Amino acid sequence: MVWDLEAVRITCLPDDAFYISDFISEEEEQLLLQKVSIDQFFASNVASAPLPRWTQLAHRRLQTWPSSLTKNNTLLATPLPAWLTVPIIAPRFKELGIFNEAPHGAPNHVLVNEYRPGQGIMPHEDGPAYYPLVATVSLGAPIVLDLYEKTQPESQHLRSPNFRVLQERRSLLVTRGQMYTEFRHGIAEKQADADLGAETVCNWALLGEKEAFAGGSYERQTRTSLTYRDVRKVATMGHTLKFLGGR
Ligand SMILES: O=C(O)CCC(=O)C(=O)O
């Protein structure tokens with residue numbers, strides 16, 4: 001499939017944001033959801049890889065692939081597992097060319113976040129450890145992402161966001177440049193997302209199944225996200241040994 005990035009630009013957002021509904025198939029979605037859970041079971045048998053497991057946080061749970069960053073925001077060089085690479089990075093991100101200008105030409109880090117109904121993530125920014133581009137694949141259920149201009153005081157976060165993006169299951173959301181550096185993003189801790197429509201959801205025109213949201217709200221179900229990023233600093237094997245105390 002060939003995508004025209006300009007055709008999927010979210011035009012009411014500052015540069016740059018793109019939304020592709022039906023980015024992956026239902027079969028690919030099921031496989032990814034299985035891998036997210038099955039790999040926990042097999043992780044302890046994979047000697048060559050770090051052992052990512054769910055980290056239970058207060059309001060969601062998290063996996064970090066291939067591993068967490070060190071204290072000085074460095075990634076210890078380890079390839080991403082194949083199930084996170086094919087078909088999302090290769091061929092799809094490559095075809096889109098979204099990471100072409102990133103330091104490593106491709107993402108090297110993925111966070112897997114799982115939100116049950118009522119769970120979310122506080123408004124935050126992802127910071128300078130990463131090249132300013134996030135590519136998010138949504139699995140399982142839709143969820144609304146809230147965007148807040150950084151010039152807005154943090155106390156405003158409890159009120160209304162500047163923009164809202166509705167992320168359908170199997171969709172891709174790409175935010176980069178100013179959207180990365182000038183905005184915080186978060187997901188409200190709600191049982192339902194309401195007040196949905198062309199006036200309130202900035203990617204409304206790009207949704208794959210608008211009719212599913214025609215009633216203006218939906219009850220949340222468990223939603224999992226894969227957020228792909230390029231960590232700027234990567235320690236190669238020689239440096240890795242130093243980190244581990246070798247020579
Ligand atoms: O789940 C999402 O769509 C957002 C995740 C997020 O904000 C993050 O990983 O920093």
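A search of the whole structure, which is a predicted model, finds seven aromatic pairs; rings of Phe, Tyr and Trp (its six-membered ring) pair if their centres lie within 6.5 Å, and planes under 30 degrees apart count as stacked, over 60 as edge-to-face and the rest as tilted. The rings of Trp3 and Phe23 have centres 5.2 Å apart and planes at 35°, so this pair is tilted. Local features need pLDDT of at least 70, side-chain atom pairs count only at pLDDT 80 or more, and totals for chains, interfaces and linings use all residues. Residues are numbered from 1 along each chain as its sequence is written, and side-chain values use heavy atoms, with hydrogens and water left out.

**Aromatic pair**
- The pair links distant parts of the chain, 20 residues apart: Trp3 lies in the segment before strand 1, and Phe23 in the loop between strand 1 and helix 1 (26-42).
- Helices (H or I, at least four residues) and strands (E, at least two) are DSSP runs, numbered from the N terminus.

- Seven strands form an open sheet in the order 1-10-7-14-5-3-2, with antiparallel pairing; two strands pair if DSSP finds at least two bridges between them.
- Strand 1 (17-20) and strand 2 (55-57) are the edge strands, each pairing on one side only.
- Strand 1 pairs with strand 10 (residues 172-176) in the antiparallel sense over four bridges.
- In this part of the sheet, Ile20 stands opposite Leu172 in strand 10.
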